[in-house]
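User: Hi, I have a protein model open and could use a guided tour. Can we go through it piece by piece?
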Amino acid sequence: SGKSLFISFIIIELLKIKADITIADIKKSDLSSLSAFLGTDKVASSSTSIAKVVRLAVEEMRSRYDFINAPENFKYGSNFSDHGFNQKWLLFDEIGAFSGSATDKKSKEIVTEVMDGIKQLILLGRQAGVFILIAGQQVSASNLSTELRDNLGLRIALGANSQEGYRMVFGSA
């Protein structure tokens, strides 16, 4: 349906605006090969490295909020761009495959940690300029809760979908 091509286009546009990009690709598909251009610290393809990049994105978000809300920097109604921060993006490909990778106690703990971090980024990241793009073949409540999907600022469905597929993406068919 063109998901990888669409994400590649998004990456090009984000690079044009000098956004800081990190990629999580558990399936080690096309996006993971971008480590040759972005650096191995910017592309994660194992559960533990994905947990690390999500943790770092949450830490960056919190650090930005600390800076923005410090008394000497505080401006009512301001956001990341008012304080000179560039956008930071975590591009998370195949959320379903990642959620499905929890097969034992340790991997379930990693998936839980990552999903908690994703929740924080979705709910709190925008004002700090820390954004997340979540992609998957089928993003359902089993791999991303309805509450979190409802908080995504933009939802896109590529290709032909069933009525149920459209309902999962947009909340209605």
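**Strands, cores and rings**

Analyst: Let's start inside the sheet. Trp-89 stands opposite Phe-131 in β4. Strands (E, at least two residues) and helices (H or I, at least four) are DSSP runs, numbered from the N terminus. This is a predicted model, where local features need pLDDT of at least 70, side-chain atom pairs count only at pLDDT 80 or more, and totals for chains, interfaces and linings use all residues. Residues are numbered from 1 along each chain as its sequence is written, and side-chain values use heavy atoms, leaving out hydrogens and water.

User: What is pLDDT, and what does the protein average?

Analyst: pLDDT is the predictor's confidence in each residue, from 0 to 100. The protein averages 85, and 78% of the residues score at least 70.

User: Where is confidence lowest, and where is it highest?

Analyst: Helix α7 (residues 163–170) is lowest, with a mean of 60. Helix α3 is highest, at 97. Where pLDDT is low, the coordinates should not be read in detail.

User: OK. How many helices and strands are there?

Analyst: There are 7 helices and 4 strands. Along the sequence, the pattern reads α-β-α-β-α-β-α-α-β-α-α.

User: What order do the strands take in the sheet?

Analyst: The order is β2-β1-β3-β4, in an open sheet with parallel pairing. Two strands pair if DSSP finds at least two bridges between them.

User: Which strands stand at the edges?

Analyst: β2 (43–44) and β4 do. Each has a single partner strand, so one side of each has no neighbour in the sheet.

User: How many bridges join β3 to β4?

Analyst: 6 bridges join them, and the two strands run parallel. Lys-88 stands opposite Val-130 in β4. Leu-90 has Ile-132 of β4 as its bridge partner.

User: And β1 with β3, how many bridges there?

Analyst: That parallel pair has 6 bridges. Ala-24 stands opposite Phe-92 in β3.

User: Is β3 buried or exposed?

Analyst: Buried means under 20% relative accessible area, exposed means over 50%, and partly exposed is in between (1.4 Å probe, protein chains only). In β3, 6 of the 6 residues are buried, so the strand is largely enclosed by the rest of the structure. Lys-88, Leu-90 and Phe-92 are on one side, with Trp-89, Leu-91 and Asp-93 on the other.

User: Which way do the β4 residues point?

Analyst: Val-130, Ile-132 and Ile-134 point one way. Phe-131, Leu-133 and Ala-135 point the other way. All of them are buried.

User: Which helices lie across these strands?

Analyst: α3 lies across β1 (20–25), β2, β3 and β4, at about 155° to β3. α5 lies across β3 and β4, at about 130° to β4. These angles run from 0 to 180 degrees between N-to-C directions, and the axes are lines fitted to C-alpha atoms, for helices over the stretch in contact.

User: What about the core? How many residues are in the largest one?

Analyst: The largest nonpolar core has 26 residues. Such a core is a set of buried Ala, Val, Leu, Ile, Met, Phe, Trp, Tyr and Cys residues joined through side-chain atoms within 4.5 Å. Those with the most contacts inside it are Ile-50, Phe-92, Phe-98, Val-114, Ile-118, Leu-121 and Ile-132. α3 (47–69), β3 (88–93), α4 (95–99), α5 (105–128) and β4 (130–135) each supply at least two of the core's residues. A second, separate core of 14 residues includes Leu-14, Ala-19, Leu-31 and Leu-133.

User: What does Phe-98 contact?

Analyst: Contact means heavy atoms within 4.5 Å. Leaving aside neighbours within four places in sequence, Phe-98 is in contact with Ile-26, Ser-47, Ile-50, Phe-92, Ile-110, Val-111 and Val-114.

User: New topic, rings. How many aromatic pairs are there?

Analyst: The count is 4. Rings of Phe, Tyr and Trp (its six-membered ring) pair if their centres lie within 6.5 Å; planes under 30 degrees apart count as stacked, over 60 as edge-to-face and the rest as tilted. The rings of Phe-67 and Phe-85 have centres 5.5 Å apart and planes at 85°, so this pair is edge-to-face. Phe-67 lies in α3 and Phe-85 in the loop between α3 and β3, so the pair ties together parts 18 residues apart in sequence. Ring pairs also link Phe-80, Trp-89 and Phe-131 into a cluster.

User: Last one. Where is Gly-136?

Analyst: Gly-136 lies in the loop between β4 and α6 (146–150). At 21% relative accessibility, Gly-136 counts as partly exposed. The C-alpha atoms of Gly-136 and Ile-95 are separated by 5.5 Å, although these residues are 41 apart along the chain.
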